Structure formats: C-alpha cells, structure tokens
Amino acid sequence: MGFEQDLSLYRLDQHALSKHAVELHRRTGGYFKALAHVISTAAVIAIRTGSENITIKELDTATAQLR
C-alpha cells in the first residue's frame with residue numbers, strides 16, 4: 001500500500017496498514033476518500049500519543065470519528 005511509504009512515523013511497523021487491509025475496506029466501504037481520512041487521522045493520533053505506529057487501536061479511534 002502506498003500510504004505506508006508516505007507516512008512519517010518513526011516506529012511504523014512494516015506492513016502496518018496492509019495487514020489490516022480487509023478491516024480497513026470493511027470500515028470504509030472501499031471508498032478512497034474515507035480510507036485516506038482514516039489513515040491520516042490514525043497517523044495524527046499515533047503522533048499525538050507518541051506511539052508513532054498505526055495499530056488497530058489507532059484505527060479504532062480514527063474510525064470512530066467517521067460516525
């Protein structure tokens with residue numbers, strides 16, 4: 001996934017997003033705009049919390065903001 005290469009997170013696990021691809025698709029309905037929003041929001045959350053990684057925790061928080 002191209003997003004992983006563009007994220008400037010210091011501790012981003014390899015394949016952090018692609019391992020959650022099915023779940024990301026389910027949560028965003030496959031819409032690119034929604035996917036970009038969730039990933040961007042999760043990255044901001046990762047920076048603010050100091051985790052510098054995107055896990056299911058950051059994705060849960062980011063997805064909750066879509067509702």
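Which residue forms a salt bridge with arginine 26? Glutamate 23 does, with the closest N and O atoms 2.5 Å apart. A salt bridge here is a side-chain nitrogen of Lys or Arg within 4 Å of a carboxyl oxygen of Asp or Glu.

This is a predicted model: local features need pLDDT of at least 70, side-chain atom pairs count only at pLDDT 80 or more, and totals for chains, interfaces and linings use all residues. Residues are numbered from 1 along each chain as its sequence is written, and side-chain values use heavy atoms, leaving out hydrogens and water.

The whole structure holds 3 salt bridges.

| Salt bridge | Closest N and O atoms |
|---|---|
| Arginine 26 with glutamate 23 | 2.5 Å |
| Arginine 27 with glutamate 23 | 2.7 Å |
| Aspartate 60 with arginine 27 | 2.6 Å |

Glu23, Arg26, Arg27 and Asp60 are linked in a network of these bridges. Arginine 26 and glutamate 23 lie 3 residues apart in helix H2, so about one helical turn separates them. The pair of aspartate 60 and arginine 27 comes from distant parts of the chain. Aspartate 60 is in helix H4, arginine 27 is in helix H2, and they are 33 residues apart. Helices are DSSP runs (H or I, at least four residues), numbered from the N terminus.

Arginine 26 is exposed at 57% relative accessibility. Glutamate 23 is partly exposed at 24%, and aspartate 60 is partly exposed at 38%. Buried means under 20% relative accessible area, exposed over 50%, partly exposed in between (1.4 Å probe, protein chains only).

Glu23, Leu24 and Arg27 in H2 also meet Ile56, Leu59, Asp60 and Thr63 in H4, where contact means heavy atoms within 4.5 Å.

Terms used: Helix = DSSP H or I, 4+ residues; strand = E, 2+ residues; numbered from the N terminus.
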